[in-house]
Amino acid sequence: MDETEFWELIDSTREDAEGDPEEQADLLVERLLRLDPDLVLDFARHFEARYNRAYRWDLWGAATVLLDGASDDAFDYFRCWLIGQGREVFEGALHDPDSLADLLGEFDEEIDGDGEELGYAADEAYEQLTGTVAPDLGISPARAEPEGTPIDFEDDAALARYFPRLWERFAEE
């Protein structure tokens, strides 16, 4: 599976799920079950590589503004959700996290920002196909600390300065 095929799976399942990340994860498992187990592992490698790439302080800060706070787990699930938004949103957020204010359409705090199940889709499909747990993917593990300069997530003035468009659109009054 190449990068284009990876993003096509992400995009088609998001569109068919009408943006609901839980439904998208279910559809993703269904579609992955139609593939050879090696292709499922390829998908998992693409997903994990992007998940690790998004382990950055600036994206965590953007998630903090969007979600009105983001614990370690919430940021993990946010990164899965961000991948689930597709290539344009994902790459745009990596280039400029504040651009999420423009890249995201409607944002429902009840369902958006949490894509935990998306992170498990490939593992679930692989186990159903083979009856075994997915092997090590052979990619570098995530860094111990996020990339970049730490941000004080408790400092509203700093968050507003780093992410002016996100702050204006999503910050709680």
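Predicted model: local features only at pLDDT ≥ 70, side-chain atom pairs only at ≥ 80, totals over all residues.
Residues are numbered from 1 along each chain as its sequence is written, and side-chain values use heavy atoms, with hydrogens and water left out.

Back to Arg14. You'll find Arg14 in helix α1, residues 3-16; helices are DSSP runs of H or I with at least four residues, strands are runs of E with at least two, and both are numbered from the N terminus. Is Arg14 buried or exposed? Arg14 counts as buried, at 17% relative accessibility. For us, buried is under 20% relative accessible area, exposed is over 50%, and partly exposed is in between, using a 1.4 Å probe and protein chains only. The side chain of Arg14 also reaches the backbone oxygen of Gly84 at 3.4 Å.

Now zoom out. The protein has 10 helices and zero strands. Of its 173 residues, 46% are buried.

On to the inside. In soluble globular proteins, nonpolar side chains tend to be buried together. Here, the largest nonpolar core has 52 residues, and Leu32, Phe43, Leu82, Leu100 and Leu166 have the most contacts inside it. By a nonpolar core I mean buried Ala, Val, Leu, Ile, Met, Phe, Trp, Tyr and Cys residues joined through side-chain atoms within 4.5 Å. Helix α4, residues 57-67, gives the largest share of this core, with seven residues. Take Leu82: neighbours within four places aside, Leu82 is in contact with Leu59, Val89, Phe90, Ala93 and Leu100.

Last topic, the aromatics. How many aromatic pairs does a search of the whole structure find? The search finds 14. Rings of Phe, Tyr and Trp (its six-membered ring) pair if their centres lie within 6.5 Å; planes under 30 degrees apart are stacked, over 60 edge-to-face, and the rest tilted. Trp81 and Phe107 have ring centres 5.7 Å apart and planes at 90°, so this pair is edge-to-face. Trp81 sits in helix α5 (72-84) and Phe107 in the loop between α7 (100-103) and α8 (121-130), so the pair ties together parts 26 residues apart in sequence. Trp81 is buried at 1% relative accessible area, and Phe107 is buried at 14%.

Technical notes. Polar contact = N/O pair within 3.5 Å; in protein donor to acceptor, adjacent residues only side chain to side chain. Contact = heavy atoms within 4.5 Å.
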